[in-house]
Every structure is written in C-alpha cells, then in structure tokens.
Amino acid sequence: MPRIVRTPDLRQRVAQLESQVAALRRAGWERDELPFYPTSLHTMPYEDSTSFITLWEAILSPRTATLSIGMVFIGDQVSAVNTGGSWQILLDGATVAASGSVPALFSYVFPTAVIDLTPYRASASLKVQIQVRRTAGATTGGKFGGGGSIGGAPTYARLL
C-alpha cells in the first residue's frame, strides 16, 4: 500500500530554518578566498632590506566586514648568524593594520591577523600589502648579498 508523505507543519519548518541559521552563524559568513601575488623578482619571496619592502599584495573590493589572513615567515642564517625582522600588513599604502616580529631563531613563525574592513566598504578598491624588513642578523653576504633575508608568504586569506 502506498504511503502518504505529509508536509511538515509550520512549527517544524520554522524550527528547521532556525537551526540552519544558527549553524550559519557558528560557521561564520565566509565569502571568498583572496589570492595574493608576489612582488619580488626572486623565485622565493625573500628580502634583505632594512626598510619595509612588499613581498605580497592584493587588490580587492571591500564588500565584507573582515579579512582574515594567515602567514608564514622565516629569517635565514648567514655564517652561523640568524636573521630576525618584522612584518606588517599595510592597507592602501598608508595604514598599518597588523604587525609583528620574526625572531632571529632560524625557525618558522605562523602569525595571523583579522582586519576590520568596515571603514573601507565604500571604497571601490583596497590594496593590501604584506611587508617585511630585516632588523637583526648579518649585514653582508647572504642570499642576495645584502645580508640576511626574511622570507614570507600568506597561508590563507579569507574575506568574511
């Protein structure tokens, strides 16, 4: 004998919709992955400058509330001297949105940053730059001849 499938009543439908909305809120409102592009002519983005130099950059239309970025940095070793430095995320070439250090330990660091994009939502475009500089280590020799270098890359960038 065939079964009759009843449509759920209004209370069941509302309860199901509420649980779906709650799950979306817990998971976040992830919109898109943001690609970054290297600005270095070297095969691996390393820089040995003592002033901030852009390693990676992206241009986006800020239509979401936040940008979540994960990064990896390492200072190299020149003649048994470890290189240390610092990193920063620059918005529109003027505003430092996040910053940190790269310790002179010849080991990787994995910093993260969550950047508030609400002040830029009316802008047509926003340039995001990941910059590094050397603050400690060898001053001659090294990967490019100018001393120790700091290498880095974004591991993820999500518009939320």
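Two strands pair if DSSP finds at least two bridges between them, and strands themselves are DSSP runs (E, at least two residues; helices are H or I, at least four), numbered from the N terminus. These legends describe a predicted model, where local features need pLDDT of at least 70, side-chain atom pairs count only at pLDDT 80 or more, and totals for chains, interfaces and linings use all residues. Residues are numbered from 1 along each chain as its sequence is written, and side-chain values use heavy atoms, with hydrogens and water left out.

View 1. Proline 38 stands opposite tryptophan 56 in β4. Two bridges hold the antiparallel pairing of β2 with β4.

View 2. On one flank, β4 and β11 run antiparallel and are joined by seven bridges; look here for alanine 58 opposite valine 128 in β11. On the other flank, eight bridges join β8 to β11, again antiparallel.

**View 3. β5 and its two partners.** β5 is a mostly covered strand, with nine of its ten residues buried (under 20% relative accessible area; exposed is over 50%, partly exposed in between, with a 1.4 Å probe and protein chains only). It pairs antiparallel with β12 over nine bridges, and leucine 67 sits opposite leucine 159 in β12. β5 also runs antiparallel to β10, with five bridges between them. In that pairing, threonine 66 is opposite aspartate 116 of β10.

**View 4. The largest nonpolar core.** This core has 29 residues, and those with the most contacts inside it are Phe36, Leu67, Ile69, Ile89 and Val128. A nonpolar core here is a set of buried Ala, Val, Leu, Ile, Met, Phe, Trp, Tyr and Cys residues joined through side-chain atoms within 4.5 Å. Elements giving two or more residues to the core include β4 (53-60), β5 (66-75), β8 (84-91) and β11 (126-136). The biggest giver is β5, with five residues. Pick out isoleucine 89 and, leaving aside neighbours within four places in sequence, you'll find it in contact (heavy atoms within 4.5 Å) with residues including Ile69, Met71, Val96, Ile115 and Val128.

**View 5. A stacked aromatic pair, phenylalanine 73 and tryptophan 87.** The model has two aromatic pairs, counted when ring centres of Phe, Tyr and Trp (its six-membered ring) lie within 6.5 Å; planes under 30 degrees apart are stacked, over 60 edge-to-face and the rest tilted. In this stacked one, phenylalanine 73 and tryptophan 87 are 5.8 Å apart centre to centre, with 15° between the planes. Phenylalanine 73 comes from strand β5 and tryptophan 87 from strand β8, so the pair ties together parts 14 residues apart in sequence. Phenylalanine 73 is buried at 0% relative accessible area, and tryptophan 87 is buried too, at 4%.

View 6. Threonine 83 belongs to the loop between β7 (81-82) and β8, and it is buried, with a relative accessible area of 0%. Not counting residues up to four places away in sequence, threonine 83 touches a list that includes Gly75, Asp76, Pro103, Arg134 and Ile150. Tyrosine 108 is in the loop between β9 and β10. This tyrosine 108 is exposed, with a relative accessible area of 54%. Beyond four places in sequence, tyrosine 108 touches Val72, Phe73 and Ile74. Tyrosine 108 and aspartate 76 are 32 residues apart in sequence, with 10.0 Å from C-alpha to C-alpha.

**View 7. A charge over a ring, arginine 158 and tyrosine 156.** The charged end of arginine 158 sits over the tyrosine 156 ring, 4.6 Å from its centre. The rule asks for NZ of Lys or CZ of Arg within 6 Å of the ring centre and within 35 degrees of the ring normal.
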